[in-house]
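Subject: Handing over the structure

Hi there,

Here is the structure I promised to pass on to you. Have a look at it first, and then read on for what turned up.

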Amino acid sequence: MSLGPAEVAKIALLARLAIREQDAPAYARDLSAILELVARMNAADTAGVAPMAHPLDMAQRLRADEVSEPDQRERFQTIAPRVEAGLYLVPKVIE
Amino acid sequence: MHDQTIARLSAGLAAGEFSSEELTRVFLDRIERFNPGLNAFITVTEESALAQARAADQRRRRGEAGPLTGVPIAQKDIFCTDGVRTSCGSRMLDRFIAPYNATVVEKLNAAGAVMLGKTNMDEFAMGSSNETSFYGPVRNPWDLDAVPGGSSGGSAAAVAARLTPGATGTDTGGSIRQPAALCGITGIKPTYGRVSRWGMIAYASSLDQGGPMARTAEDCAWLLGTMAGFDPRDSTSADRPVPDYAAALDRPLEGLKIGLPEEYFGEGLDSAVARAVDAAIAEYRTLGAKILEVSLPNSRLAVPAYYVIAPAECSSNLARFDGVRYGHRCEQPKDLLDLYTRSRAEGFGAEVTRRILVGTFALSAGYYDAYYLKAQQIRRLISDDFQRAFEQVDLIAGPTSPTVAFNLGEKTDDPITMYLSDIYTIAVNLAGLPGLSLPVGFVGQRPAGLQLIGNYFAEDRLLNAAHRYQQATDWHARAPVAFA
């Protein structure tokens, strides 16, 4: 499978990555090469093979729905780019 | 002191030959002297290291010291360290001061180990040469024109150059074993779930696993014994006891069955690396092991499947870096979309961007079955291959990497060539098995590594087999001349 710069731009938007227009052809070339490598998977017949999500086929362990962490909001917000009154600030979303 | 193993340093501390503070100063001095040329450390924590060393000395005076108390180590900069920058080799986290310790860090701290600093790495652990780091490449102590391997290249170079006697690493597709091989040290990637991933910045969660890197298997046994164990905070952590790895080291190898997969000795393997590996196999025969041929017929599918699964999981894991709660934020965002897209584009380097894009594409509507599902089915085939082999043999052996360390800049223009540097290590992560690399010779002045692969939770057997080899040979004791 080969991707062009326009497809790269579409994927980049899905991934929330601002790719400069002049970089898109290089990413298109690299992604196409990676997908070509990945296409070697098609040589394998996998009909009826159960997909493996976990190496040890373990199920996700669940815990009781109880509060286990103390409130550390202030501590965690000291590393935030912008906060005010305990809230994370982002550009206005609703006009 | 700097040329001693952890086992020897621990004995010296116990005997009162030197204090942890003296020992820590020796390594801090070496870091100051050699790190500018190697770039193995991103952050050196001199003050807290000396404080930890003094605390370790006091603990020893109280009679409460354990084997690692007062022993200096380095942490890969992927492990969160409370109050210390945890960059993951990325501009995204250049100013990120972690607000908590990873479980691995907690465990080593509790054992009294002294953290010298945080080691350089490929950005978000994505790379095989350490050249994707925002902080610049690490140089290989054996040859400064060569890469140290990656992604745990800073840890490998620091251990090889005697800037620290041991370090932590993480391995998603070979990131402990390949740099260990390229820098002539010993490193083990444990079974998936053996070491907690809590506080270890996620790349590909179904593959990531932390482990130790040191000069000898014995030192790795000591470190792993401390790092491993069940952690309720990691939902994929294995709930089973940690054996005494150090106690199992001396077990004789008579009757040990080692399998050589024909697929690991074919096209692409450098003939000089093959000779070093063959000589190591011959040594194992001398030590009493029985050598058998095995087959892992789906090996060639491992790299293709990995480059679906790892990017897919990374695209999901790295979605958290959005410029809102922590990490890099762009200047003057005009709206929320602009904030996300520019913060991420500025924060991530080219290789991370490539993998996020590949993963996003593979998981996008209409492509799931053709890519992610197919890759997971291949993962099953690869795992089944290993299980069939382990019906015949106890361990599998082969080269860790198809070549010795390559030159800086040699593969940076071609991602695919770089990816193939992990051709023998990736399948082990896909299957979730433990794998170890140990030094077995040189090609010119660059080290070659042997990879030993075990069945699930056979870390004790891997360390035992590596230790017996190291008792009979001295490759692991060689030091790069400039750092001896």
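How many aromatic pairs does the structure hold over all chains? The count is 18. Please keep in mind that this is a predicted model, and that the values below are computed from it.

**Aromatic rings**

Phe321(B) and Tyr326(B) make an edge-to-face pair, with 6.0 Å between the centres and 80° between the planes. Why does Phe321(B) count as buried? Its relative accessibility is 4%, and the cut-off for buried is under 20%. Phe321(B) and Tyr326(B) also belong to a cluster, in which ring pairs link them with Phe96(B), Phe124(B) and Phe348(B).

Arg233(B) lies over the face of Trp198(B), 3.9 Å from the ring centre. Lys411(B) has its charged end over the ring of Phe406(B), at 4.3 Å from the centre.

**The largest pocket**

Some of these names come back here. The largest pocket has a volume of about 740 Å³. It is lined by 28 residues, and those closest to its centre are Cys80(B), Pro99(B), Tyr100(B), Trp198(B) and Tyr326(B). By type, the lining has 15 nonpolar, 5 polar and 8 charged residues.

Next, take a look at strand β11 (residues 446-454) of chain B. Because 9 of its 9 residues are buried, this strand is largely enclosed by the rest of the structure. In a regular strand, side chains alternate between the two faces of the sheet. Both faces of β11(B) are covered: one side has Arg446(B), Ala448(B), Leu450(B), Leu452(B) and Gly454(B), the other has Pro447(B), Gly449(B), Gln451(B) and Ile453(B), and all are buried.

Which strands are joined to β11(B)? Strand β9 (residues 395-399) of chain B runs antiparallel to β11(B) and is joined to it by 5 bridges; here Pro399(B) has Leu450(B) as its bridge partner. Strand β10 (residues 435-443) of chain B is also antiparallel to β11(B), with 8 bridges, and in this case Phe442(B) is partnered by Pro447(B). The hairpin of β10(B) and β11(B) has 2 residues between the strands, and Gly444(B) takes a positive phi near 65° in it.

**Helix α7**

Helix α7 (residues 217-227) of chain B is mostly covered, with 8 of its 11 residues buried. Among them are Ala217(B), Asp219(B), Cys220(B) and Leu224(B). Just after α7(B) comes Gly229(B), which has a positive phi of about 130°.

**A buried arginine in a loop**

Is Arg194(B) buried or exposed? Arg194(B) counts as buried, because its relative accessibility is 1%. You will find Arg194(B) in the loop between β5 (186-189) and β6 (209-214) of chain B. Its C-alpha atom is separated by 24 Å from that of Ser299(B), which is 105 residues away along the chain.

Enjoy exploring it!

Best wishes

How values were computed. Residues are numbered from 1 along each chain as its sequence is written. Chains are lettered from A and ligands numbered from 1 in the order in which they are written. This is a predicted model: local features need pLDDT of at least 70, side-chain atom pairs count only at pLDDT 80 or more; totals for chains, interfaces and linings use all residues. Side-chain values use heavy atoms; hydrogens and water are left out. Buried means under 20% relative accessible area, exposed over 50%, partly exposed in between (1.4 Å probe, protein chains only). Helices (H or I, at least four residues) and strands (E, at least two) are DSSP runs, numbered from the N terminus. On a 1 Å grid over the protein atoms alone, a cavity is a set of points where a 1.4 Å probe fits but cannot get out, and a pocket is an open set with protein on both sides within 12 Å along at least five of seven lines; lining residues have an atom within 4 Å of a point. Grid points are joined across faces, edges and corners, and a volume is the space filled by probe spheres set on the points. Ala, Val, Leu, Ile, Met, Phe, Trp, Tyr, Cys and Pro count as nonpolar, Asp, Glu, Lys and Arg as charged, and the others, Gly among them, as polar. Rings of Phe, Tyr and Trp (its six-membered ring) pair if their centres lie within 6.5 Å; planes under 30 degrees apart count as stacked, over 60 as edge-to-face and the rest as tilted. A charge sits over a ring if NZ of Lys or CZ of Arg is within 6 Å of the ring centre and within 35 degrees of the ring normal. Two strands pair if DSSP finds at least two bridges between them.
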